[in-house]
Amino acid sequence: MPLLLDAADPAAVAQAAQRLAAGALVGLPTETVYGLAANADDATAVRRIFDAKGRPADHPLIVHVAPDDPRAAIDAYAREVPGFAQRLITAFWPGPLTLILPRREGVAAVAAGGQDSIGLRCPAHPVAQAVLRAAAKQGVRGLAAPSANRFGRVSPTTAQHVVEEFTDLGDDALLVLDGGACTVGIESTIVDCTRGAPVLLRPGMLTPAQIEAAAGQPLRERDEAAPRASGTLESHYAPRAKVRLMDAKQLRAAFQVLGDDAKHIALYARSPIEAARGAPRRRMPENAAATAQELFAVLRELDATGVRLIWVETPPDSAEWDGVRDRLNRAAA
Ligand code: TXA
Ligand code: MG
């Protein structure tokens, strides 16, 4: 079992930094989801991330940098920073925004999964920042950290989720810092800044309008040649149970037809809907931020009841729900 330590204990943060400097893996909280971190400049350590996740080596990882001197941190990994990217950094860092920038030659090649670009993010979570700072004192410039889940599965938003994902890793192979539940709850918004104009690769809790306002120019449509992102695979974030999205009317009709036969179908809906007696259910919050915050934990919880189906009410059509809608569509794919 991984070693689970309370992040409020300064000794735990110090131990995490030491382990990272020595090439080991650390599970740590960020404001979005928990990450599985390793020294981004240590190829052997970064390969441990790919092994632990079962993630193909050509799926690039995000490198996390400390908040104190973001420009120096960016310059360590990126060859150039276009003006609109700099404006996004000023507006949203530290925070749930990842920028894809042209990669400085020869650095963090394994983390970048062979791309000539690099994903950079400066997290807002105090524990992530404390670990980044402590590791920096030991010569670690950045932490490669994908979400701390097995490839293709639901991202973790609590330390317990991370431990459950990696029970096969021993306490010497993985230290997990418990910093409580993540506040954003879905992964960062990813903006590709290598194409002359900002391109949205993965929606998150920042809306396109917010990104365009801060960048000072419109988002450009994604094209075929956009670099791959596993968060953009059609089927991802999937629980074991099958997820299906329906509107309230469809849900009511389906439950009515099935009656008590539907007690093995879990329900996650905003609208009042009469599910089968005994069926596991959770009420979806009215607002997107609260739904994002609990989404992955709810999917895990409903999944753990052993149901074969999870029926979810389709989120509203508005831009604030883009991130939640995207994750649910992928969970259902
Ligand atoms: O909120 C987050 O972004 C979390 C926390 C831990 O920071 N991390 C996260 O990492 O979601 P991951 O690896 O699960 O997703 C990162 C996404 C992947 O879809 C990856 O393909 C994409 O970022 N990505 C990273 N570097 C890239 C690059 N150079 N070009 C294109 N996509 C890249
Ligand atoms: Mg992920």
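Reader: Which residues does V63 touch, leaving aside those up to four places away in sequence?
Author: V63 touches A40, Y77, A111, I118, G119, L120, R121, G142, L143 and A144 once residues up to four places away in sequence are left out, where contact means heavy atoms within 4.5 Å. This is a predicted model, in which local features need pLDDT of at least 70 and side-chain atom pairs count only at pLDDT 80 or more, while totals for chains, interfaces and linings use all residues. Residues are numbered from 1 along each chain as its sequence is written, chains are lettered from A and ligands numbered from 1 in the order in which they are written, and side-chain values use heavy atoms, with hydrogens and water left out.

Reader: Where is V63 found, and is V63 buried or exposed?
Author: V63 is found in strand 4, residues 62–64, and counts as buried at 0% relative accessibility. Buried means under 20% relative accessible area, exposed means over 50% and partly exposed is in between, with a 1.4 Å probe and protein chains only. Helices (H or I, at least four residues) and strands (E, at least two) are DSSP runs, numbered from the N terminus.

Reader: And how far apart are V63 and L4 in space?
Author: From C-alpha to C-alpha they are 23 Å apart, and 59 residues separate them in sequence.

Reader: Ok, helices now: at what angle do helix 4 and helix 7 pack?
Author: Helix 4 (residues 83–92) and helix 7 (residues 208–215) pack at an angle of about 115 degrees, and their axes are 8 Å apart. Axes are lines fitted to C-alpha atoms, for helices over the stretch in contact, and angles run from 0 to 180 degrees between N-to-C directions.

Reader: Which residues meet there?
Author: On the helix 4 side they are F84, R87, L88, A91 and F92, and these meet Q210, I211, A214 and A215 in helix 7. The residues of this contact divide into 7 nonpolar, 1 polar and 1 charged, where Ala, Val, Leu, Ile, Met, Phe, Trp, Tyr, Cys and Pro count as nonpolar, Asp, Glu, Lys and Arg as charged, and the others, Gly among them, as polar.

Reader: What is the peptide bond from W93 to P94 like?
Author: That bond is cis, with omega near -10 degrees, and P94 has its place in the loop between helix 4 and strand 5 (97–102).

Reader: What about A108, what is its phi?
Author: A108 has a positive phi of about 45 degrees, although it is not a glycine. A108 lies in the loop between strand 5 and strand 6 (117–121), and it is buried, with a relative accessible area of 7%.
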